[in-house]
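This report describes a structure made of protein chains.

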Amino acid sequence: MQTRLWRDSELRRSDMAADRLGDGGGGSSGDGGGFRFPEYEIPELNTKPFLVKALGKLWKERLVGARDFSLEPPAPGSLTGAGGGEEDAAVAEDLGCSLETATELSLVCGLDKLKYCEEEDDPEVIPEDTNLVTLGLRKRALEHREETITVDRICRQETFAYEMESHAIGKKPSNPADLVNEGELILTLNIFYPVIFSKHKERKPYQTLLVLGSQKLTELRDSFCCASDLQIGGEFSSTPDQAPEHTSKDLYKSAFFYFEGTFYNDRRYPECRDLSRTIIEWSESHDRGYGKFQSAKMEDFTFNDLYIKLGFPYLYCHQGDCEHVVIITDIRLVHHDDCLDKTLYPLLTKKHWLWTRKCFVCKMYTARWVTNNDCFAPEDPCFFCDVCFRMLHYDSEGNKLGEFLAYPYVDPGTFN
Amino acid sequence: MGTPGGLHSDFETLLTRFQETDSVRFEDFTALWRDMKFHTIFYGRTRHMEKNKFTKEALSLAWKYFLPPYTFQIRVGALYLMYGLYNTQLCQPKQKIRACLKDWDEVMKFQQDLTNAQHYDASYILRKLRLDKAFHFTAMPKPLSYRMKKNIPRTEVTEEFKEPNDRVMKLITADTLEEIMNIHEHYQEMKQIISADKSQPDKALSLIKDEFLVNIKNLVLEHKQWHEDKKKLFTKVKNEDDQKEKEGSSQELEGSERAGALAKIKSKAYSIVTQASKSRRHRQVKLEPLESELVKKLGKTPCSKRNKEKLESEEETSSQIKDFPAPKRKRRC
Ligand SMILES: [Zn+2]
Ligand SMILES: [Zn+2]
């Protein structure tokens with residue numbers, strides 16, 4: 001059975017259907033409707049559908065490229081405040097004021113006006129004589145933190161998260177050809193794990209990836225790694241050494257994304273199956289009121305070509321039944337401080353720290369084997385790391401001892 | 001995540017104090033900023049993630065005050081606030097200000113207002129933020145992650161900072177108009193009573209124009225009409241926008257039509273802006289069209305002479321500083 005099915009999938013499907021009805025039966029993408037401003041459909045939650053590349057077009061119409069979104073670093077003169085004569089002339093021209101005024105402006109509006117250079121001005125220390133409410137609250141929070149001990153673990157996780165988020169910031173490619181294009185869009189995607197632990201009821205774990213508008217859907221599909229892609233089928237208790245040869249990703253290449261009424265199927269390999277066909281046929285064979293679904297080739301579409309709602313749950317399905325909810329949370333123009341190396345996208349920026357299943361024996365290492373009907377095990381199923389599994393179940397020559405069934409196990413936390 | 005409680009109140013304290021200065025000068029803003037040591041708002045031994053998050057929230061809260069329905073002065077204050085926060089933040093690289101597509105058109109309108117009113121310091125700072133690449137140009141004001149929140153906090157607008165819908169209509173309502181009418185009637189009656197000829201007031205008592213009341217009434221009605229026309233034009237422009245989306249082909253033509261309409265409003269709105277005294281300029285931006293009408297109307301009646309003279313004398317002062325409206329010296333004169 002489809003044990004990994006996302007629990008809300010029924011609910012979600014009916015949402016999608018309702019949405020399609022609201023669409024007035026019109027074409028799903030590419031037409032003039034895409035040139036709308038993105039606006040809320042449900043306030044604070046998700047937008048109405050729009051064409052991704054239309055957003056880039058609207059922005060570029062409004063901005064002065066070289067000035068607003070060029071990938072060159074900001075002019076050094078403009079950072080120091082008092083610019084040279086050249087800068088003053090530019091200011092005078094832009095504002096329509098005299099050169100004299102421009103010079104004075106650079107002094108009056110200088111950054112030094114925002115800071116006293118006092119003797120003891122340490123950003124680590126909250127000043128004693130402050131009247132800012134924010135600082136009062138922060139002071140109390142920090143004091144409370146110092147008194148409690150739970151900080152360490154949170155701190156480690158946060159450091160990890162911070163490094164993950166910022167590791168590629170400002171990176172430039174070694175080959176200039178790999179430089180991200182000016183005016184390119186960056187999309188932020190949250191891809192949820194299919195696991196349903198009760199502890200994740202409130203907040204489902206997910207990972208966050210950045211993709212470029214010009215990238216193909218298949219590029220995301222290829223870079224996205226899920227534990228089920230690495231699952232290895234089969235019972236290997238007699239031949240444990242032969243176990244990990246083919247991972248599921250090699251064996252089952254079919255996959256699809258679902259966005260706004262269209263299934264984008266990966267059809268690059270002859271062995272790929274149109275996974276969406278069953279769903280489409282099912283929907284069409286009965287009058288289920290889901291409207292008409294369409295099917296397209298994943299490899300033919302870039303993110304720019306998509307017609308999507310921001311904040312709305314869509315779907316990625318692979319391995320036949322491993323379903324991931326996908327939410328596009330943000331789209332913006334690429335910025336000089338972003339990772340500018342094309343080859344590093346899709347870029348993983350956040351990953352939920354999943355609890356790993358530890359070996360039952362050593363309680364230290366992550367499980368790599370799971371056994372059933374195991375005469376040595378106190379529970380069924382039971383999980384073991386590779387070393388403990390072999391030590392317990394085989395003699396020094398590698399002969400199987402006792403009765404048990406053994407399956408290779410890939411822990412979702414392996415990717416932490 | 002909601003905005004940390006303190007930020008809201010600290011921003012409002014700063015902006016309220018700025019409001020009290022009756023100025024839009026950066027110089028006046030920085031005096032308050034320094035007095036409150038506002039750059040220390042980022043201080044304290046916090047972790048990198050916390051710093052990033054706090055800075056993002058501070059910038060996005062400041063952005064809210066930068067947009068309508070806040071008054072022109074508050075919006076200038078918010079611009080300075082963003083400039084201050086952006087430049088004194090401790091994040092490396094700096095956190096950016098999220099500008100979404102829908103809001104950007106407001107920002108451009110605002111930039112035009114600044115230029116037209118020759119608020120060079122504010123123009124300079126907006127220009128500088130753009131040059132420093134302080135913005136992320138986004139689709140929506142914030143990322144949308146479909147979190148099943150039980151209660152989404154409503155964004156409340158601080159009334160004190162808000163642009164009143166219509167100051168004139170607030171001042172002269174139908175009731176006050178009726179009241180004035182009654183008083184006038186009473187006044188005329190009193191004059192008749194004390195006059196020699198009881199059927200008509202003495203000439204010596206004729207201190208105001210008889211049509212004074214009718215003039216006020218007409219002015220108010222005219223203003224109301226203007227206000228409604230403006231609203232209609234606004235919705236018309238919006239509809240044209242929608243049309244444009246649908247058609248797409250005749251975009252340019254309609255675009256220029258729209259530009260023309262906007263230019264008309266603007267030229268009307270700023271017709272005498274440069275004549276206004278600089279210290280009050282920020283207030284007059286919105287009221288100008290009415291006042292220019294007033295001047296025209298009142299110009300016909302003798303009692304308005306003084307008023308006109310006053311305006312002219314102001315014009316004199318402003319012509320003296322016309323060439324140099326830079327904030328520093330401006331405040332001195
Ligand atoms: Zn999966
Ligand atoms: Zn072990």
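## Basis of the description

Helices (H or I, at least four residues) and strands (E, at least two) are DSSP runs, numbered from the N terminus. The model is predicted: local features need pLDDT of at least 70, side-chain atom pairs count only at pLDDT 80 or more, and totals for chains, interfaces and linings use all residues. Residues are numbered from 1 along each chain as its sequence is written, chains are lettered from A and ligands numbered from 1 in the order in which they are written, and side-chain values use heavy atoms, with hydrogens and water left out.

## Interface of chain B and chain A

With contact taken as heavy atoms within 4.5 Å, 79 residues of chain B are in contact with 91 residues of chain A. Buried area is the accessible area (1.4 Å probe) that two parts lose on being put together, summed over both. Between chain B and chain A it is about 7,800 Å², and carbon and sulfur atoms give 59% of this.

The rule finds 30 residue pairs in polar contact across the interface of chain B and chain A, both residues at pLDDT 80 or more. A polar contact is a pair of N or O atoms within 3.5 Å; within protein, one must be able to donate a hydrogen and the other to accept it, and residues adjacent in sequence count only if both atoms are side-chain atoms. On the side of chain B that touches chain A, helix 6 (residues 120-131) of chain B gives the most, with 9 residues. By class, that side of chain B has 35 nonpolar, 19 polar and 25 charged residues. Here Ala, Val, Leu, Ile, Met, Phe, Trp, Tyr, Cys and Pro count as nonpolar, Asp, Glu, Lys and Arg as charged, and the others, Gly among them, as polar.

## Salt bridges between the chains

A salt bridge is a side-chain nitrogen of Lys or Arg within 4 Å of a carboxyl oxygen of Asp or Glu. By this rule there are 30 salt bridges over all chains, and the count between chain B and chain A is 11. One of them joins the side chains of A:Asp68 and B:Arg130, at 2.5 Å from N to O.

B:Lys37 forms a salt bridge with A:Asp129, with the closest N and O atoms 3.4 Å apart. This pair crosses between chains, from the loop between helix 2 (26-35) and helix 3 (48-65) of chain B to the loop between helix 6 (99-108) and helix 7 (133-147) of chain A. B:Lys37 is partly exposed at 23% relative accessible area, whereas A:Asp129 counts as exposed at 54%. A:Arg145 and B:Glu50 also meet in a salt bridge, at 2.2 Å from N to O. That pair runs from helix 7 of chain A to helix 3 of chain B. A:Arg145 is partly exposed at 23% relative accessibility, and B:Glu50 is partly exposed at 22%.

A:Lys57 and A:Glu61 both lie in helix 2 (residues 52-62) of chain A, 4 residues apart, about one turn of the helix. An α-helix has 3.6 residues a turn, so residues three or four places apart point the same way. The side chains of A:Lys57 and A:Glu61 meet in a salt bridge of 3.1 Å, N to O. A:Lys57 is partly exposed at 37% relative accessible area, as is A:Glu61 at 49%. A network of salt bridges links A:Lys57, A:Glu61, A:Arg62 and B:Asp105.

## Helix 5 of chain A

In helix 5 (residues 85-95) of chain A, the residues A:Glu87, A:Asp88, A:Val91, A:Ala92 and A:Leu95 are buried. They cover an arc of only 140° around the axis, which puts them on the same side of helix 5 of chain A; the arc is that of the directions from the helix axis to the C-beta atoms. The face turned away from the buried side carries the exposed residues A:Gly85, A:Glu86 and A:Glu93. Just after helix 5 of chain A, A:Gly96 takes a positive phi of about 70°.

## Chain B and B:Glu106

The secondary structure of chain B comes to 13 helices and 2 strands. Of the 333 residues in chain B, 43% are buried. Among contacts in chain B with a separation of 6 or more, 72% are between residues 24 or more positions apart.

B:Glu106 is in helix 5 (residues 101-116) of chain B and is partly exposed at 24% relative accessibility. Not counting residues up to four places away in sequence, B:Glu106 touches B:Leu67, B:Pro68 and B:Arg75. B:Glu106 and B:Phe66 are 40 residues apart in sequence and 9.4 Å apart in space, C-alpha to C-alpha.

How values were computed. Buried < 20%, exposed > 50% of the residue type's maximum accessible area, 1.4 Å probe, protein only.
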